[in-house]
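Reader: I am new to protein models. Could you show me how to read one, feature by feature?
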There are 2 protein chains.
Amino acid sequence: MNFINKLCAAWAGNNSLLCVGLDPDLARFPAHLQQRPDAIVAFCKAIIDATADLACAFKPQIAYFAALGAEAQLEEICAYLRQHYPHIPLILDAKRGDIGATAKQYAREAYDRYGADAVTLSPYMGFDSVEPYMEWSGRGQIILCRTSNAGGSDLQFLNVDGKPLYQHVAALVANKWNSNGQCALVVGATFPEELAQVRAIVGDMPVLVPGIGAQGGDIEATVTAGKTGAGAGMMISSSRAILYATPAAGEDFAAAARRVALETRDAINLHR
Amino acid sequence: MNFINKLCAAWAGNNSLLCVGLDPDLARFPAHLQQRPDAIVAFCKAIIDATADLACAFKPQIAYFAALGAEAQLEEICAYLRQHYPHIPLILDAKRGDIGATAKQYAREAYDRYGADAVTLSPYMGFDSVEPYMEWSGRGQIILCRTSNAGGSDLQFLNVDGKPLYQHVAALVANKWNSNGQCALVVGATFPEELAQVRAIVGDMPVLVPGIGAQGGDIEATVTAGKTGAGAGMMISSSRAILYATPAAGEDFAAAARRVALETRDAINLHR
């Protein structure tokens, strides 16, 4: 099944717009896991099992694995997701941005090595930095548009012919780059009015929305601004608020993660 | 020694502005190497040994390693560079672009795991996607400005207050982001007049210039446009034209690579 269809099925099947981010930070792991050689895999599998019926997608952030030299663990987690939860889209958060032969190598990494349904990409190098990924039929490309960090405005808010750059990116992707129908955008939750503007530009294109939970975005404003007419269209991502839901990080971390994921999913659904 | 000082010393010591890119593509390796389990390491070490007195920097492209699950080989190659050629800057070409805690993980990957002197970064997410790298004192941040691919114009040439976006990026980096004095820019070789404009904006800031060799940029025009008053300021990068210098890919691949590297270095020096 292609990325967009799989995502639509997961929205409906789990009645959820919640994307669970997997950012494994050893220092925040429960004490009983920290000394295990397979700590990352054990932690992520427990989170996945505890939240798989509440999520519309899982999103491992590759930087956390790369810093630790834990690519083999990421492979194992991705294989586990594909085997046990093949109906939940697997998004590799990598924000790759390169061209030609190099982009093709990154596509191999995301789609073949890790088996991701979709990968996040930067638009700065233009369409031919996205096009090589489209050779993988049915896989998704989720392109940075408006990010929720303070510095996001440095470039994204520059005035291009009377409109901020991020709106040009939204229009470029929606009207030109999305030739395979598998594109989506990243738009942060901290600026709901801008999310609404992107939604107006891109129609029903899915939007990955980080920034709720630990980053503080407001759920009601985010959902109201970003939902499609059908009350979907979003992958609202939360990572640390779910993964590290118990400050004491005890053995009940997965149950605590499930509790926060459930609350978050339901808080989102109140406003769909 | 910090990145910029090391680069200046390499420019002078090897009388070279040539940056040798390491993009290991197994399919183009010499036949006698292809079946070896350590093919990538053997190939890259031979290229490094054959060109280390002709290069101002080495630049492994991490995508080629990531596609093959060859991070351990990249670690070995980087360790070899640091041990045997500590005076030549090691640039990790990764074009990372993420913020906060995630950017810090990528910085750990580049600077701690691989021991890179500098890493390439995307500017799309703004200053706080670059700032976390600056915690590593003396390490370099090489930021995408104007890229040489056809699609580079999609964003980089958008008109921002009468000037193309890439010139805003050049000014941002030169005037605001370069607070640690360790920043550089990426500007492709296919548009020499634009390279000259960037040079005018950024003073003596080093510029990494891909696009000669296999990508067809003109050496004389590139050097004339991009050099500083002192006849330096550039890392002119060539990868495939050097790595795969013998079409037949025989056992003399390293000697052939040296020949092309020498010709390229000397062709560059003619116009400094």
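Predicted model: local features only at pLDDT ≥ 70, side-chain atom pairs only at ≥ 80, totals over all residues.

Reader: Where is N15(B) in the chain?

Author: N15(B) is in a loop of chain B, between α1 (3-13) and β1 (18-22). Look at its backbone too. Phi of N15(B) is near 45°. That is a positive value in a residue other than glycine.

Reader: Which element holds K95(B), and what is its phi?

Author: K95(B) sits in strand β3 of chain B, residues 91-96. Its phi is also a positive value, near 45°, and K95(B) is not glycine. Now check the accessibility. K95(B) has 8%, so it counts as buried.

Reader: How many bridges link β1(B) and β2(B)?

Author: Four bridges, in the parallel sense. Take one residue as an example. C19(B) has A57(B) as its bridge partner in β2(B).

Reader: How many residues of β8(B) are buried?

Author: For a strand, count the buried residues, then look at each face. β8 of chain B spans residues 183-187, and five of its five residues are buried. Both faces are covered. C183(B), L185(B) and V187(B) are on one side, with A184(B) and V186(B) on the other.

Reader: Which strands are joined to β8(B) by bridges?

Author: There is β5 of chain B, residues 140-146, joined to β8(B) by five bridges. There is also β9 of chain B, residues 207-209, joined to β8(B) by two bridges. β5(B) and β8(B) run parallel, and so do β8(B) and β9(B).

Reader: Which residues are bridge partners there?

Author: Here is one pair for each. I142(B) has A184(B) of β8(B) as its partner. V186(B) has L208(B) of β9(B) as its partner.

Reader: Which residues does S237(B) touch?

Author: Leave out residues up to four places away in sequence. Then S237(B) touches C19(B), G21(B), K59(B), L208(B), V209(B), P210(B), G211(B) and I212(B). S237(B) itself lies in strand β10 of chain B, residues 234-238. At 4% relative accessibility, S237(B) counts as buried.

Reader: Where is E109(B), and is E109(B) buried or exposed?

Author: E109(B) is in helix α6 of chain B, residues 100-113. It is buried, with a relative accessible area of 2%. Check the chain letters of its contacts. Leaving aside neighbours within four places in sequence, E109(B) is in contact with A66(A) and A67(A), and with I62(B), R96(B) and Y114(B).

Reader: Now helices. How are two packed helices described?

Author: By the angle between their axes and the distance between the axes. Helix α9 (residues 192-202) and helix α10 (residues 219-226) of chain A pack at about 15°, with axes 8 Å apart. α9(A) and α10(A) are therefore roughly parallel to each other. Their crossing is right-handed.

Reader: Which residues make the contact?

Author: From α9(A) come P192(A), L195(A), A196(A) and R199(A). From α10(A) come A221(A), T222(A), A225(A) and G226(A). By class, this contact of α9(A) with α10(A) has five nonpolar, two polar and one charged.

Reader: At what angle do α3(A) and α12(A) pack?

Author: At about 40°, with their axes 9 Å apart. That makes α3(A) oblique to α12(A). α3 covers residues 39-51 and α12 covers residues 253-269 of chain A. α3(A) passes α12(A) in a right-handed crossing.

Reader: Which residues meet there?

Author: F43(A), A46(A), I47(A), A50(A) and T51(A) in α3(A) meet F253(A), A254(A), A257(A), R258(A) and A261(A) in α12(A). The contact of α3(A) with α12(A) has eight nonpolar residues, one polar and one charged.

Notes. Residues numbered from 1 in each chain as written. Chains lettered and ligands numbered in written order. Heavy atoms only, no water. Axes fitted to C-alpha atoms, helices over the stretch in contact; angles between N-to-C directions. Parallel < 35°, antiparallel > 145°, perpendicular 65-115°, else oblique. Left-handed = near helix turned anticlockwise from the far one by under 90°. Contact = heavy atoms within 4.5 Å. Nonpolar A, V, L, I, M, F, W, Y, C, P; charged D, E, K, R; others polar. Buried < 20%, exposed > 50% of the residue type's maximum accessible area, 1.4 Å probe, protein only. Pairing = 2+ DSSP bridges.
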